[in-house]
Each structure stands twice: as C-alpha cells, then as structure tokens.
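The entry is shown first, and the points are then grouped by topic.

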Amino acid sequence: MNGNDHLNVISSQQEPLLVADATLRGDDLDRGELGNGDGAGDVRSAPGKLGTESAGLFIWMLTFSAGISGLLFGYDTGVISATLVSIGTGLSNRTLTSLDKSIITSCTSLFALLVSPSASVLADSLGRKRVILTADVLFVVGALTQALSTTIFAMVIGRSIVGAAVGAASFVVPLYIAELSPAAHRGRLITMNIVFITLGQVIAYIVGWVFGSYASQETGWRWMVGLGALPAAVQMVLLLFMPESPRWLVKAGRSGEAKAVIQKVSGGDHPDTSSRLVDATLKNIEIEVREEEAARRLSSRRAGRNSPAWMEVMHELFAVRRNRRALAIACLLQGLQQLCGFNSLMYFSATIFTLVGFPIPTLTSLVVAVTNFAFTLIALGLIDRVGRRRILLWSIPFMIGGLLLAAYGFSFVQLSSDSTNEAGEGTAQPAQGAAFIILVSIMIYVAGYAIGLGNVPWMQSELFSLGVRSVGSGISTATNWGANFVIGLTFLLLMDVLTPTWTFVLYAIICGIGYGLIWRLYPETAGLTLEDAATLLEDDNWGVR
C-alpha cells in the first residue's frame, strides 16, 4: 500500500458509535435512526430527533439570515440588466458601447473569481460567519460607490468591490448552511439560498422597472444600484446573533460550543433522545477531524515536508483520490452552471428584449425573473425527494430544448452590426411572432435551469471531506466565477460575431456535453450525512449507481 492509498483508508474509516446501548451509524445520525435494527429505543418517532420530519424554527431563521447574501447576489445580477438600459450618458458623459457594458458587467465576476479561493482559506482560519460579515461590509461599500460614480472607471471600481463580496459570500453561505443542516433537510435548506437569489433578481427587475419608468434618468439608475447596501446592513445585524458552524468549531478545538450549536439546531423537545443524538453527531465530527489530522501528519512525515497549514490542505485536496474526484465534479457543475449561458440572460435580458422589439424590456425581463423564482420554489420541494443527480438529468434536456427554440426564433430577427451598442436604437426587425417565440423559449430554458442546474452545484460541500471542504468549495466557486466572467465579457460580442442564433446553439451544445459528463460522473448524495457523502467517491465508478 502506498502513501496515498494509506491516506485514503485513514480518511474514509467510519467506526460505529455506541450511544445509550444502541449503535448509531454515521449515515443515520442526522436521520435519527438506530443502527442495531432491533427497534429498542428507536428514536424515529421521538419528538427530539434531528431533522427527520421538519427542520426546527432556529435552523430556518438561521438559513433566512444567511440567505440574505443570496438576495444580494441575485439583486446585483438582476439590477445591472435594468441599469445598462437606463444609464444613458450618466457615466463619462457618453453612451455606453458594447465593450463598456461587457467590462462593467464582467468585472464583478472577475473579482469574485480572484477573491473566492483566498476567502476559502480565511473561512478555515477565521470561521464561516466572519467571512460573511466581511462580505456584507464590501457589499455596502460597493453599492454606495456605484451610486455615487460619475465615470465608467468609478462604476467599474464599485462593481469590482461588489464582486469581491459576492465571491466570498457565494461559496461560504452554502457551506455555512450545509454544515449546520440535518442531512434529511440539507438540500432544501441550501436551495433556500437559491430561492433568495432568484427573489433578489425579481426585486431587482421590479426596482429597475419602477425607477426606470418613473424616476429621472439622471438619478434613477443610481437608486437601483445604491439600494443594494440595505440588505447587507440588515444581514450584518442579524448575523451578530447567529452561531458559528459546529464543524468549524470542532476543528478549532471548541467542542463545547459546537455541542451547544448542534443542540440548538436539533430543536428537540425530548431531552434524552435529543441529548444522545447531539452527542453522537458531535462524536462523529470529532472522529473525522482526528482522522484527517492524523492522515495529514502522516503524509507530511512521509514526504519530509514542514509546510504551512494551507499548503497541507491543498496537498490533501489533490493527493487523495476521492478529494480530486470531488473537486472535478464540483468544478464541472459550477462551470456548467455559467457556461450554459444563463447569466447572460440575467445580465443582458433587457438589452435582448429591446432588440427583439418589446416596448418595455425591463418589465418583460421581470417575467423571466418570476419564472426563475417560481421554479426554484418547485425545486425546493423536489431536491431532497427526487435527488440531485436525477433532477439534473431530468431538467437539462428542457434547457437544451429552450435554447434551440430561442435559436430558431432569432433566425427571424434581423439585427444591424451595431444594434447591441445602444439599447433601443438598433434596427431589429422581428418577424411576426418571433419575439413571442423567443420569450417562451427563454422561459422554458429558465424553468429547466431553476429546477436543476441553478441549485445542485451549490450542494458542492457534500462532496468534500471536512479537512478540504472549505478550500475545495472555494476553488470550485472560483470556477463558477471564472466561467461567469467569460460569459459576461463575451455574450454581446458573440451576439455580434456569431449572430444570436448560433450563440444560443453554442450554449445548447455546452449543455449537451455537460449532460453526458453528469450522467457518467456525478453520484447521488441526497439523504447522506456530509461525512458519508464524501466517501462515495472512493468507488471505481465514482459512486454512480
């Protein structure tokens, strides 16, 4: 057995835990089931179980508080669409070109890409909660900078600051929720963060429509971007009363505090049952922490290294087979989430609907945002029952169909070469019904995206073992933002060079490739504890059943 194989064996061992004369298996801890099978002391019907029937009020309140970051993320994504068609000559005293719009849009993604890996290191050293609070400060500063900007350069600075905030919050909030959630409800609770993102987009389009239609052109767009500071300030206050992740507390040697947090999350009314389950959950986390620390020390001694802690984590991420596979799958899902082209619709939907002849493009964009929000709510009820893998395999074909139908609709639209430069001043000449076909096709595409690909990639923390969970999630989130940067920078250029028809065909091809890779590589993790989900990738078939 070589060093890496030994590392794999150590980090994947899960010994049964004896609790009150009954064996609680690691994969039963969060479901509250006894592993001895004899039914003695069965806690499945006890009111103090951890997450078997309903998540407690505390965990829902915590998810709401953390999910405000998702609302900020969604608001920023949606508000730029309305801003780009409302800004006029408000920046640098000239009309924005396609390149100006692309830079203003994509700089947010670029800084999210740059910040998310380093934020993952900070989340390990400082804690998940402190990183979210830091992101809130950046959200406030970035929103106010945008609102007060008078030049394109100042606007780019403000958008970049917001990008840094989004890069930190977009990976750490799902991680924070996942590490606090009972396994039976983890998918729904993480999906709640996505619900907040889509709600933020709906609010952004409503705000954009109101200020774009009824406020002055000189100040309306400034209110749109400046209002992003308000939710961030509210979240800062709420998070002061929220706990740290129990898994991070255990890693930091603060098991007593971790136990108190797990007890709060359980919300049990049956003291004996709840106490046993809390103790078992805490012990399971402690075992994983000890095993991973022992494995890391063993690997370092064999390699003769005396490296900083973050370098040891990076070595474990890439040296251990299951961690490499987890990173590959997480990066695949996060990259596909952006390369499928969805955020190009969020960033430029008002521009698109202007080109195809809709008289109030921001209001038309609101229809798309509401579709996204509604089908994300549907995903909330399906994600734990249907499963992550299956919901992707069911929903991506609808995305492909919607993209191809949009490409067909655009084939009837004649655009001039500079029609994307000045919204509302192009020479689009849609045939009768073409605009309707494009709107319906985009709604089909968005519905498929919202049910599956819009949610599942953020379950990425399920794939990683605790020792590399933060760094692995940070790298995969950076993949998301890297792809987002490419989409934001190239979409309008592709529309000009390839034509809209072939741009949407390209996105459909990317979705088809992603479907094949998901079918081959992505295992089902629904219902498993974080500790057990991470062991799936030890199998030669990547855990795919």
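Helices here are DSSP runs of H or I with at least four residues, numbered from the N terminus. The model is predicted.

**The largest cavity**

- The space inside the largest cavity amounts to about 150 Å³.
- This cavity is lined by 16 residues, of which Ile197, Gln201, Phe342, Tyr449 and Gly454 are the closest to its centre.
- Six helices each contribute at least two lining residues, namely α2 (57-86), α6 (186-214), α13 (321-339), α14 (342-355), α15 (361-386) and α17 (434-451).
- Helix α6 provides the largest share of the lining, with 4 residues.
- Sorted by class, the lining comprises 7 nonpolar and 9 polar residues, and charged residues are absent from it.

**Packing of α14 with α17**

- Both α14 and α17 belong to the helices that supply at least two residues to the lining of the largest cavity.
- Their axes approach within 12 Å, with a crossing angle of roughly 160°.
- Because angles over 145 degrees count as roughly antiparallel, α14 is roughly antiparallel to α17.
- The crossing of these two helices is left-handed.
- On the α14 side the contact involves Phe342, Leu345 and Phe353, while α17 brings Leu439, Ile442, Tyr445, Val446 and Tyr449.
- This contact consists of 8 nonpolar residues, with no polar and no charged ones.
- Phe342 and Tyr449, which take part in this contact, are also among the residues closest to the centre of the largest cavity.

**Packing of α2 with α3**

- Helix α2, another contributor to the cavity lining, packs with helix α3 (residues 98-126), and their axes come within 11 Å and cross at roughly 170°.
- The two helices are therefore roughly antiparallel to each other.
- Asp76, Ile80 and Leu84 of α2 meet Lys101, Ile104, Thr105 and Thr108 of α3.
- The α2 and α3 contact contains 3 nonpolar, 2 polar and 2 charged residues.

**Packing of α3 with α4**

- Helix α3 also packs with helix α4 (residues 128-148), at an angle of about 130° and with the axes 7 Å apart.
- The relation between α3 and α4 is therefore oblique.
- From α3 the contact draws on Ala119, Leu122, Ala123, Asp124 and Leu126, and from α4 on Arg128, Arg130 and Val131.
- By class, this contact has 5 nonpolar and 3 charged residues, with no polar ones.

Notes
Residues are numbered from 1 along each chain as its sequence is written. This is a predicted model: local features need pLDDT of at least 70, side-chain atom pairs count only at pLDDT 80 or more; totals for chains, interfaces and linings use all residues. Side-chain values use heavy atoms; hydrogens and water are left out. On a 1 Å grid over the protein atoms alone, a cavity is a set of points where a 1.4 Å probe fits but cannot get out, and a pocket is an open set with protein on both sides within 12 Å along at least five of seven lines; lining residues have an atom within 4 Å of a point. Grid points are joined across faces, edges and corners, and a volume is the space filled by probe spheres set on the points. Ala, Val, Leu, Ile, Met, Phe, Trp, Tyr, Cys and Pro count as nonpolar, Asp, Glu, Lys and Arg as charged, and the others, Gly among them, as polar. Axes are lines fitted to C-alpha atoms, for helices over the stretch in contact, and angles run from 0 to 180 degrees between N-to-C directions. Angles under 35 degrees count as roughly parallel, over 145 as roughly antiparallel, 65 to 115 as roughly perpendicular and the rest as oblique. A crossing is left-handed if the near helix is turned anticlockwise from the far one by less than a right angle, and right-handed if clockwise. Contact means heavy atoms within 4.5 Å.
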